[in-house]
Amino acid sequence: MISFDQTSIELGATASGKIEAIEKVGKILVRQGYIEPEYIESMKRREGVANTFLGNGISIPHGLPENRDKIIRTGVAVLQVPEGVAWNPGEVVNLVIGIAAKSDEHIEILTNLTHVLDDEETVARLVVTRDAADIVGVLSGECKTESRPAPTLDVTDFDSSIDVTIMGEHGLHARPATFFVDIAKQFNAEIQVEFDGRSGNGKSLASLLKLGVSGGKTIRIHAKGFDSGIALAALKDAVDAGLGEEAEEAVDKQIVHGWVPVNVKKTIPGCTASPGLASGPVHQLTQRRIVVEALAKDPQHESDELTHAINAARQNLHHLYEEVRAKSGEPRAAIFKAHEAFLDDPEMLAETHDLIRKGKSAGYAWRQVIEDRVHVMEQHSDELLAARAMDLRDVGRRVLKHLAGIVQDEPFTPESPVILIAEDLTPSDTAQLNPAFILGFCTASGGPTSHSAIIARSLGIPAIVGAGPRLLEISNDTLAILDGDSGNLYLEPCEEDIKTANETKLRLEELRNEEYRTRFEPALTTDGERVEVVANIGKVSEAEKAVNAGGEGVGLMRTEFLFLERDTPPDEEEQYQNYRAMVEALNGLPIIIRTLDIGGDKAVSYLDLPPEDNPFLGERGIRLCLNRPEMFLTQLRAIYRASKYGPIRIMFPMIATLEDLDAAKRLAEKARIEVGAEPVEIGIMVEVPSVAAMAREFAREVDFFSVGTNDLTQYTMAIDRVHPTLAAKADSLHPAVLRLIEQVVKASDEAGIWTGVCGGLAGEPLGAAILAGLGVKELSMVVPSIAAVKAHMRAISMDSARKLAQKALACRNGKEVRALSLP
């Protein structure tokens, strides 16, 4: 433990506010040789990232991880403020414990501090003591506090227990906790998790997050029930394997671009969240309060309303997941799978229903339960765990919108490009930002490891977080320059600064977009073989984006966007106008339109689909269309009408048998004759292993194959590709999947047709190289991946890609494939 004595304590201090209190305790740390003076600014900025108020009159201000180089050695200082200082609304602090943590030597002091939090007598004594030795004795552990012993879990009724160590760097934050909960829910046994004298329901995501288990800490898992033994074994295996956790994405390293302003009126420092420069007018985004009644007379009605609201929120989250997955890939979209887990949290639901039974409205009860948990999570000393409070707040707000009598907050849609200013942005807010209009954003709170920051990086939007409350005082339309690399927002810059910032921005774009500059060049390998690189899109507006990104056409046009989130299906004219607009936007480039792929994880209310135990194995894709021939014919007629304006190909999803294909082709021919269109190429998605197994027979009946690696993988591996705990094992680079693709390619070559891939694997550099080596002729991917994949394919030879593919086919599992070196 570090040495801690009376020279690090100032008694009887006063402070006009939180900032002055932090400055005073920071000066003690400087005086004692623990930190450089610059670290005090970092301590103040930390308050914008997360609340350091612990409760019972105690706060623990400390700096940001990125400024750890300003710490000389580990140390602790205490500022006693007997009269108290307002920390945040409703929070008064009497003991300000400043921390400079260069190592983990301060942990024992924090541990001793946790024993004081529930001991009001000891805290009251320390607040007014005139002897600094009292404080030293308690925090160093020399004096025993008079507190009640920490509450312990009564485990007398539990059948068995086991100790496990959480290995991830940030402990049980949202994703690993979701993984844990999902496994626990597979068993009937009651699961309790014990940590540091507290316990939580092992099937409750919010309950686990509230424990605040950091990386490297040991938890005890208790279970009771007939399957408690196998439940504990499964949970131990999961924890030992890392709870499906991959390293949290690191914040992009700062790039020394050399730009600094020469004349600005004011500089507001924050934390870099997403790199890049942006200049323009600012706009304050205000989240208006969602209004709900406090009391209600009919508890049953309120409970029903809560159920409906949660179901609606779940549907919203699923659509958002699909949208983000299409734009930014599965890792970013997985954030919203964790959000869905909150909606099923048994403890939160039980507490909400309990308040409803006591006469509270569903909205009031839900808000109270959410805010209680958010407050606890915000206080955690681990920055990542504290940042996840915003995820829970996001989920809570989503449900409240459906429960509210008045919902006053509408999505912000600027008429011209702006730099967005906000108290904070939820992941949902950020995911729906349009980079064409949002030049960048700066928030008063939040942290660089928040999901909003991660999404901003994936969208390429420069961002600063944790800039403090004075940010919210800036007037709308104030000109500003946002430097996401340095973390500074510059207000009212001179014309010369705006000019040089814009010039630097262009230069940075050149540095960061070397691949993008050559995006229109074909993906021609060094030995002269070409692979066509095209886009997956889901909306009309994305067609032009695909062309501008270097896409050589559209390999997958998802038509579901026309059918979702509405009360009736689109008519023929609406579909025709949308398909025609896409064709014209592509200006002669080919487009493959996939017919309706509803079912599975995509529900449509007006179709009245009955509940299915296994929806992915039920009435979805072509099966649904064949069972509703009029709806299918309407779509086919619209597609054929649009084919007069450009090269359209039709693709049927979820084909499993030759009979499915024959029936679909007959209806397509009927639609073509009815509208008087010329024939178009017809292909199928290869998603079902039965098609891969009979690829030779199918190849005689179609013009092309397009392998959907996402579904082909989940059906081959028998793993739901969006399952929160198993999805990581559904790797499209597994040799079993690659061997099926090889089989399909060989059959298409024999028949004189071509094979493309439109699943997620095509957008990975390693996956693209292996697929090309297997003989795949077309790679279709999300728009942001196009330029990078084309550039990589131009840098390798097809011969090396073929050798890589053969090595992959010989591997034993996906991990071995991913360990292969790119040519």
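**Exercise 1. Say whether Glu91 is buried or exposed, then place Glu91 in the fold.**

Step 1: Glu91 has 8% relative accessibility, so Glu91 counts as buried (under 20% relative accessible area; over 50% is exposed and in between is partly exposed, with a 1.4 Å probe and protein chains only).

Step 2: Glu91 sits in strand E5, residues 91–100 (strands, E, at least two residues, and helices, H or I, at least four, are DSSP runs numbered from the N terminus).

Step 3: Asn56 is 35 residues away along the chain, with 9.0 Å between the two C-alpha atoms.

A quick note on the model: it's predicted, so local features need pLDDT of at least 70 and side-chain atom pairs count only at pLDDT 80 or more, while totals for chains, interfaces and linings use all residues. Residues are numbered from 1 along each chain as its sequence is written, and side-chain values use heavy atoms, leaving out hydrogens and water.

**Exercise 2. Work out how helices H11 and H12 pack.**

Step 1: The axes of H11 (residues 346–357) and H12 (residues 362–378) come within 8 Å and cross at roughly 135° (lines fitted to C-alpha atoms over the stretch in contact, angles from 0 to 180 degrees between N-to-C directions).

Step 2: For the contact (heavy atoms within 4.5 Å), H11 supplies residues including Met348 and Leu355, and H12 residues including Trp366 and Arg373.

**Exercise 3. Find which residues touch His792.**

Step 1: His792 lies in helix H29, residues 786–794, and is buried at 17% relative accessible area.

Step 2: Leaving aside neighbours within four places in sequence, His792 contacts Pro765, Ala769, Leu822 and Pro823.
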